[in-house]
Amino acid sequence: MSPEEWRDSLNARLDARRPSIEHREAYYEGVHRLAFATSKFREAFGTLFSAFSDNWCGVVVDAAVERLEVQGFRFGDDDADEDAARIWQANNLDAGSAIAHETAIATSESSLLVSPNPDDDDTPRITVEHPSQMIVASSPADHRHREAAFKKWVDDDGHAMATLYLPDGIYKWRTRDKWKGGKKPKWTLRDADGEEDGYAGENPLGIVPVVPLLNRPNMRGEGRSDLDGVIPQQDAVNKLVADMLVASEFAAFRQRWAAGIEVPVDPETGEPIRKVFDAALDRIFAVGNEDAKFGTFEATELGNYVKAIEMVVQHIAAQTRTPPHYLLGQSGAFPSGESLKATETGLVAKVRRKMVTFGESHEEAMRLAFRLIGDDDKAEALDAETIWRDPESRTESQVVDALTKMKDLGVPRKALWQRWGASPAEMTRWEAWAREEGQQTASEDFSRVFGPTGQGLPDEPVTTE
């Protein structure tokens with residue numbers, strides 16, 4: 001395919017999938033539609049509840065995102081690679097990776113773009129890209145082989161900008177006129193001089209420099225959103241809460257009835273001429289007929305709505321493996337100790353699976369970065385490994401107790417620090433502090449023995465019988 005054919009094909013695919021991406025992201029943000037409502041309900045209350053949502057989608061996504069924290073990379077040894085940490089930190093990927101994970105889990109994918117840095121040849125740029133702006137085309141025969149990538153966005157001047165990434169070149173266009181969407185753009189080549197990415201024409205990597213971050217990938221190489229099964233249930237929760245609010249509005253003032261009284265009516269219309277009783281807190285009903293009766297209708301039971309909502313939320317928890325106490329809050333007993341660990345087993349397993357797929361993408365992006373700076377050993381390293389923070393939550397006392405027992409078994413100190421959850425940077429500082437403390441202790445021992453008031457070592461070892 002020619003660059004123009006790739007451009008038009010990927011542009012069409014990007015536009016086609018954008019509505020589903022935006023739909024899922026809107027649900028994650030709590031911007032929901034009012035589904036499962038009848039036409040009469042919409043006519044009466046549609047505008048009242050159009051902006052209402054009881055958002056559980058955000059909880060489902062955030063429960064996994066908060067446990068996905070990249071701490072570094074290894075290349076064939078036990079220590080974290082310092083150059084990889086430098087590149088990671090220079091690109092603000094502590095925050096950027098969290099955004100990429102969040103978007104991928106909510107929408108199905110995000111991506112990482114690796115490019116030369118015009119300001120520093122030794123520190124390539126790695127940026128996170130949104131799936132509504134970037135799309136990657138993989139080979140149908142091998143989903144691991146990327147054939148092309150395409151990015152489109154609207155610039156500040158209202159023109160659509162596009163960049164096509166092919167193994168043998170990078171091509172850039174802009175629309176001739178301001179682009180408002182909804183039609184096929186008319187493209188013209190744009191001048192790359194002065195652009196932030198700083199390059200165009202030949203691809204310095206020789207391969208497509210965009211690495212997709214796929215959430216729950218299937219065998220077709222497609223990502224899947226964690227919200228696909230949650231959205232219908234979220235709609236049900238919103239409808240039940242809306243019904244409960246309507247019921248509470250009409251049941252806020254209990255309806256009364258009266259019997260055995262005479263109500264004056266208009267002989268022509270049959271309608272009451274005036275109110276017989278005007279209910280208020282400071283008024284009572286009084287009539288001259290001793291046989292008159294008064295009563296009230298039963299109040300609407302709102303607890304039934306609460307039970308139905310809790311049932312749907314429990315289904316969300318089970319199907320997404322989100323711990324129930326994340327969703328139900330104080331409506332149930334909050335677990336602790338071993339019960340807390342048991343309730344989070346499913347979530348931890350789900351997060352570990354995401355670590356495998358996301359980790360492969362991070363490693364590929366880091367290998368591309370090392371290829372740009374000419375480090376062929378790390379660029380071709382098949383034993384690259386992403387270092388993640390432990391996704392399990394444990395109390396400090398449990399961790400300390402376990403580490404103390406491991407130390408008694410002879411487990412190395414750095415391994416204990418790693419199990420504690422220390423990042424590679426923290427372990428480097430701790431190792432330096434430990435050496436300083438060891439030197440200080442040795443110096444104090446030397447001064448105590450050989451200092452001005454020291455006694456020196458005995459000439460002969462002291463023995464006892």
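**View 1. Aromatic pairs, with Y171 and W173 in close-up.** The model holds 3 aromatic pairs. The rule takes rings of Phe, Tyr and Trp (its six-membered ring) whose centres lie within 6.5 Å; planes under 30 degrees apart count as stacked, over 60 as edge-to-face and the rest as tilted. The rings of Y171 and W173 have centres 6.3 Å apart and planes at 20°, so they are stacked. Y171 is partly exposed at 27% relative accessibility, whereas W173 is buried at 2%. Buried means under 20% relative accessible area, exposed over 50%, partly exposed in between (1.4 Å probe, protein chains only). This is a predicted model: local features need pLDDT of at least 70, side-chain atom pairs count only at pLDDT 80 or more, and totals for chains, interfaces and linings use all residues. Residues are numbered from 1 along each chain as its sequence is written, and side-chain values use heavy atoms, with hydrogens and water left out.

**View 2. A salt bridge between R17 and E109.** The count of salt bridges comes to 22. Each one is a side-chain nitrogen of Lys or Arg within 4 Å of a carboxyl oxygen of Asp or Glu. For R17 and E109 the N to O distance is 3.3 Å. R17 sits in helix α1 (residues 3-29) and E109 in strand β2 (residues 109-115), so this pair links distant parts of the chain, 92 residues apart. Helices (H or I, at least four residues) and strands (E, at least two) are DSSP runs, numbered from the N terminus. R17 is buried, with a relative accessible area of 18%. E109 is buried too, at 14%.

**View 3. A salt bridge between R389 and E69.** The N to O distance is 3.0 Å. The two residues are 320 residues apart. R389 lies in the loop between β12 (384-388) and α12 (396-408), E69 in the loop between α3 and β1 (70-75). R389 is partly exposed, with a relative accessible area of 25%. E69 is partly exposed at 37%.

**View 4. A salt bridge between D226 and K354.** The closest N and O atoms are 3.1 Å apart. D226 lies in the loop between β9 (210-214) and α6 (231-250), K354 in helix α10 (residues 345-372), so the pair ties together parts 128 residues apart in sequence. Both D226 and K354 are buried.

**View 5. A salt-bridge network of D15, R18 and K152.** Salt bridges link these three residues in a network.

**View 6. Helix α3, residues 57-65.** This helix is mostly covered, with 7 of its 9 residues buried. The buried residues are C57, G58, V60, V61, A63, A64 and V65.

**View 7. A positive surface patch.** R176, K178, K180, K183 and K186 form the patch. Charged patches join like charges within 9 Å, using residues with over 30% relative accessible area and no salt bridge. K186 is in the loop between β7 (169-175) and β8 (187-189). K186 is exposed, with a relative accessible area of 57%.

**View 8. A negative surface patch.** D119, D120, D121 and D122 make up this patch. D122 lies in the loop between β2 and β3 (125-129). D122 is partly exposed, with a relative accessible area of 48%.

How values were computed
Patches are made of residues with over 30% relative accessible area and no salt bridge: like charges are joined within 9 Å, nonpolar side chains (Val, Leu, Ile, Met, Phe, Trp, Tyr) within 5 Å. Accessible areas come from the Shrake-Rupley method with a 1.4 Å probe; for residues, only the protein chains shown count as cover. Lys and Arg count as positive and Asp and Glu as negative; His and the chain ends are not counted. The place of a charge is taken as NZ of Lys, CZ of Arg, CG of Asp or CD of Glu.
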